[in-house]
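Here is a short note to read beside the sequence and the structure. Please follow the points in order, with the model open.

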Amino acid sequence: MFDLKSIPSQLPTAPALTEYSSLPLIDAFLRQSKDFVESKSFYVEFDNDEAKIPCFTYSKPWELWWAPGTLGFDVNQNGTLKIQREDAPDREQTLYAQSKIESFMEFQEAAEAFLHPHSPPVQGAVFEPIRMNLLVRDIYFPVWVHEQLRLVAWSDVSELFPNTNVRAHTVNALEGKEKDHDDNSWYSDWKALDPKDTRLMDCDPKDVLILAATGRTYPAAAAAFKGWRSCSGFGLVLRLTDEVSMLFLLDVLRHGLDAQNIRKELAEAKSWKDWLRTKEISAPQSRFLQIHHSIAFRNARRTYIDEVTALSYGREPLHVAPELFARRGEMVKSLHKGMLLQVESLIRPLPFFIEYPYAQFIGTADRAQRMRNAQMVLNILCKVLLLLPLEELQHQGILPASIQKLVAELHKKPASDGSLLGISRDFNKIVQTESLSSHLLLFGGFVGHFRDKLTEQLGTLVTARNRVHHPPYDEKVFLEVAAITLPDIIGQLREMFRSLEFIVPREVRPTRQKARVLAVKLMGENPVFRSQEFETSLPAGDFIVNELAAYRAAAPETLIPLNHWFIAKTFSTESIDVGLFDRMERNGPSFSFITH
C-alpha cells in the first residue's frame, strides 16, 4: 500500500504539470526523461516495482489520490488497482477498476468514483436506450507511425494511402476474411507516410481502439503496451464524447449484449457515421452512474471468476474426477446460456412462438431434446419469414394474382421447410417486382437484403437437417450448424422486433380522445403471459378482442391483426398441487396446499 506523505519540494518540470497543490501526495513521482517527454507517462512506484500509465496532459494527478478517510491504494504486479476507504462497509472498501488498468483515463475515472463515495446506488441506475453518436464523437483509422499510434480521418484515407483500399481491407478484417494485409502496395503507402503530415492526428485520452481482425478493444493510449505495433493491422478508433465513461464503454464493447455483433454491424454499415446515428445501446444517462456501474460490474465479475477458479482447486476422488469436471463444464455452459437467454428475452423479447422453442433449444444439453427443438425452431422460422409479411398484405387487401397463386399453393398441401423457403423466395421477388414493400409497415424488414440473408442461413440449416433423415444420417453436423447459425438469426430478429409487440386484446374502452386497451402480451419465453393496459390513438374498432395482433406503439402507431395464418387459442391444463397434513377435523384429515 502507498503511504500518504507531503509533496516533495522539488517536482520535475514537464508539460503535463503546470500547477502544484498543497494536498498530501501518495508515494508517486514523475520522471523527467526522454521517454516521459515523448509518451507523457506517469510512473507509480510500489513494492520496488513501477507501473507505467499514460498520463497525457492531466495537470494535477495527485488530486486523484487524496481524500478524507483514505485507507490506501494498491496496484499489484498485474496492474490491478485497489482503492480503499476506511469509512465504507467491508465489502465496499475495495473498488477494482478492471482486472488491469490500461490507461490513465480509467485510473482517473476509478479515482473519481472513490472521491465521491456518497453517490446514488448502482442498483438505482436506470438503463435507457442511448444512441451511439451521443457517446462516440467520431471514428478514425489508426496507423502506427514511427513508434507512435496516429489517427487519420476517413476523408483523408484515400489521399494518404493512394494505392490501397483501406476501407475494403478493414471491412474484410471485420468479417474475418483477413487477419493482416502484407501486399506491397499497402507497405509502400505506409512507408511513405510523413510523421509531420498535418492529416496525421494524435490520439486523445478517451480514444478506444477496436482491432478489426479480432474485435479486441483497448484504450488507444494502451495500444503500444499491448503490442499493436504492426503496420499491417487494420482497426477503428472511437473518439468518445465527454458524456460517456471510458470504463463503461469498454465494458459494453467487451462484455455487453448490445455489442455482441458490433464487428458484423460495422462491416455491413454503408457509413460508419450513419451507424453511430442509428445504433443504440442501453446505458445509465449519467456518466457518473456509468462509472459506478462499471466498477460494480468489474468487481462482481472478478469475484465470480475468483470463486470459480478457487473451486477447481478442491480435492476430488480421482477415480471420478474426469467425469465430475466434464459434467460441471456442461452445467456451467447451460447455466450461462440460460442466464444470457433470460436477459435477452427481457431486454429484447421475441414473440412467444419464436422465443419459447428457441429457449428450449438453448436450455438443454440432452442431444435428443436439442435435435427435436432445433427442428421445431427451424420450421417456425421458415414459416415466420413468409407468413408475417403475407398477413400484412392480406390485412390491407393487397393480393395480386401472383401472390394468390402462392396462397393456393400453401392451401394445397403441407409444405416442408425447403418448400416454404422456395415459396418465400418467390414471394420476395413478387414484392420487389411489383413495388409492394412500401405497404409493409411492420414487416418490411422481411423483404429485400435481410430476407435474402436469412433465407440463405435457413437454407444451410435445411440442408444440414436433410442429412439427418437421409444418408449419411448425420445428427452431429446439424446440431453444430444449428448452434452456430440460430443465435445469429435470433440476434437479427431481436433487432427487427425491437419496437413490436404481439398482443391479444381482452378489453377495449373508447374515451373522448383515446381508447384504452387491456391486452395480454405474448412476448418472451414464459408461457404465463402478463396483461398490460395502454392508451392508443388508433380507432377502438381496430382492436379485435381475443385475436392475435402485431402492434407498434411508436410513431407511426400501427396494428396488424394476425387472423389469416395465425390463431391464439386458450388452453386449460390439468393442475396438480401437493397438500401437507395440517390437522384432523370431523370429516377426516385436513391438508394445506401449496398454491391453492
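1. The largest pocket is lined by 27 residues, and those nearest its centre are His-255, Gly-256, Leu-257, Phe-297 and Val-343. A pocket is found on a 1 Å grid over the protein atoms alone, as an open set of points where a 1.4 Å probe fits, with protein on both sides within 12 Å along at least five of seven lines; a lining residue has an atom within 4 Å of a point. The volume of the largest pocket is about 1200 Å³, a volume being the space filled by probe spheres set on points that are joined across faces, edges and corners.

2. This is a predicted model, in which local features need pLDDT of at least 70 and side-chain atom pairs count only at pLDDT 80 or more, while totals for chains, interfaces and linings use all residues. Residues are numbered from 1 along each chain as its sequence is written, and side-chain values use heavy atoms, with hydrogens and water left out.

3. Which helices supply at least two residues each to the lining of the largest pocket? They are H6 (246–255), H9 (287–311) and H10 (321–347), and H9 gives the largest share, eight residues. Helices (DSSP runs of H or I, at least four residues) and strands (runs of E, at least two) are numbered from the N terminus. By class, this lining has 16 nonpolar, seven polar and four charged residues. Here Ala, Val, Leu, Ile, Met, Phe, Trp, Tyr, Cys and Pro count as nonpolar, Asp, Glu, Lys and Arg as charged, and the others, Gly among them, as polar.

4. The second largest pocket has a volume of about 970 Å³. Its lining has 28 residues, with Glu-265, Glu-268, Trp-275, Thr-278 and Glu-495 nearest the centre. Two or more lining residues come from each of H7 (262–268), H8 (272–278), H15 and H16, and H16 gives the most, with five. The classes in this lining are six nonpolar, nine polar and 13 charged residues.

5. In the largest nonpolar core, which has 64 residues, Phe-446, Leu-458, Leu-493 and Phe-497 touch the most other members. Such a core is a set of buried Ala, Val, Leu, Ile, Met, Phe, Trp, Tyr and Cys residues joined through side-chain atoms within 4.5 Å. Buried means under 20% relative accessible area, exposed over 50%, and partly exposed in between (1.4 Å probe, protein chains only). H12 gives the most to this core, with 14 residues. A second, separate core of 32 residues includes Ile-139, Leu-240, Phe-248 and Trp-275.

6. Ile-403 is in helix H13. Is Ile-403 buried or exposed? Ile-403 is buried, because its relative accessible area is 0%. Beyond its neighbours within four places in sequence, Ile-403 is in contact (heavy atoms within 4.5 Å) with Leu-390, Leu-393, Phe-427, Ile-430 and Leu-436. Ile-403 and Phe-427 are 24 residues apart in sequence and 6.9 Å apart in space, C-alpha to C-alpha.

7. Asp-197 is in the loop between helix H5 (184–191) and strand S12 (201–202). Asp-197 is buried too, with a relative accessible area of 16%. Its side chain makes a polar contact with the side chain of Arg-199, at 2.8 Å. A polar contact is a pair of N or O atoms within 3.5 Å; within protein, one must be able to donate a hydrogen and the other to accept it, and residues adjacent in sequence count only if both atoms are side-chain atoms.
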